[in-house]
Amino acid sequence: MPRLICDITTSLDGYGAGPNQTLEEPLGRGGELLHDWLTATRAWREPHGLPDGEDNADSSVVEEHLGSIGATIMGRRMFSGGSGPWDEDPNADSWFGDDPPFHHPVFILTHHARDPVAKAGGTTYTFVTDGIESALEQARAAAGEREVQVAGGADVVQQYLAAGLLDEIQIHVAPVLLGGGVRLFGELGAAPPKVELVRVIESPAATHLRYRIAR
């Protein structure tokens, strides 16, 4: 059965997005700095149709991760920034354009039903209204032999972690202090899960930490 993993970037002070998120600044004030390490890599730029890119330790981490993923789960806000009915969402077609970088099935957690949407390059969006377990079941069926990733946002990661469904977390710590915003782990309750450090890879742009969720 495909594993469920989370791959996400945080600031040094533990925020996955900065304060005051808007459609113009979906990652909040200063949040775009979190991904400077990522957007500079060859492994990230090539799927986005961008030239050049650095071929370094960061790029190797990205390439390894992207090559392992067969399906993605994300929240509505990560998909479009909206939360209400789709016909009232000014960004209902998503942040990712007509040729998204996923190239595999993507499952969107939402309270508002919508027909699936097929995009160029093999990306299909399926909108799941009956909870995180249903999204995971569908994603695992679609992933084949590959892994399923929870892409975010932080609230979705917390839901899967609290439900005991996550197998692994890879956290990329960017050398940025945001001073506020959306914490990756928030409140984990009285009995947070135990984690085991699996790997550390360092670079000047980020520190990549991989943890296994202890069962």
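## The sheet

Nine strands make up an open sheet with mixed pairing, in the order E5-E6-E4-E3-E7-E1-E8-E11-E10. This is a predicted model, in which local features need pLDDT of at least 70 and side-chain atom pairs count only at pLDDT 80 or more, while totals for chains, interfaces and linings use all residues. Residues are numbered from 1 along each chain as its sequence is written, and side-chain values use heavy atoms, with hydrogens and water left out. Strands (E, at least two residues) and helices (H or I, at least four) are DSSP runs, numbered from the N terminus. Two strands pair if DSSP finds at least two bridges between them.

The edge strands are E5 (117-118) and E10, each pairing on one side only. E5 runs antiparallel to E6, joined by two bridges. There, Val-117 stands opposite Tyr-125 of E6. E10 and E11 form a hairpin with four residues between them. Leu-197 has Tyr-211 in E11 as its bridge partner.

## The main core

A nonpolar core is a set of buried Ala, Val, Leu, Ile, Met, Phe, Trp, Tyr and Cys residues joined through side-chain atoms within 4.5 Å. Buried means under 20% relative accessible area, exposed over 50%, and partly exposed in between (1.4 Å probe, protein chains only). The largest such core has 26 residues. Leu-4, Ile-73, Val-148, Tyr-160 and Leu-166 have the most contacts inside it. Elements that give two or more residues to this core include strands E1 (4-10), E3 (69-75) and E7 (147-152), and helices H5 (132-143) and H6 (154-162). H5 gives the largest share, five residues.

Contact means heavy atoms within 4.5 Å. Leaving aside neighbours within four places in sequence, Val-148 is in contact with residues including Leu-4, Ile-5, Ala-71, Ile-73, Leu-136 and Ala-139. A second, separate core of 10 residues includes Ala-92, Val-106, Tyr-125 and Phe-127.

## Helix H5

H5 has 12 residues and reaches 16 Å from its first C-alpha to its last, close to the 16 Å expected at 1.5 Å a residue. The expected span is 1.5 Å times one less than the number of residues. Its buried residues include Ile-132, Leu-136, Ala-139 and Ala-143. E1, E3, E4, E6, E7 and H6 are among the elements covering the buried residues of H5. Gly-144 follows the helix, with a positive phi near 65 degrees.

## The aromatic cluster

Rings of Phe, Tyr and Trp (its six-membered ring) pair if their centres lie within 6.5 Å; planes under 30 degrees apart count as stacked, over 60 as edge-to-face and the rest as tilted. The count comes to five aromatic pairs. Phe-79 and Trp-86 form an edge-to-face pair, 6.0 Å centre to centre, with 80 degrees between the planes. Phe-79 is buried at 1% relative accessibility, and Trp-86 is buried at 11%. Phe-79 also pairs edge-to-face with Tyr-125, at 4.9 Å and 80 degrees. This pair links distant parts of the chain, 46 residues apart: Phe-79 is in helix H4 (residues 76-79) and Tyr-125 in strand E6 (residues 124-128). Tyr-125 is buried, at 1%. Phe-79, Trp-86, Tyr-125 and Phe-127 form one aromatic cluster.

Two arginines lie over the face of Trp-86: Arg-76 at 3.6 Å from the ring centre, and Arg-114 at 4.5 Å. A charge sits over a ring if NZ of Lys or CZ of Arg is within 6 Å of the ring centre and within 35 degrees of the ring normal.
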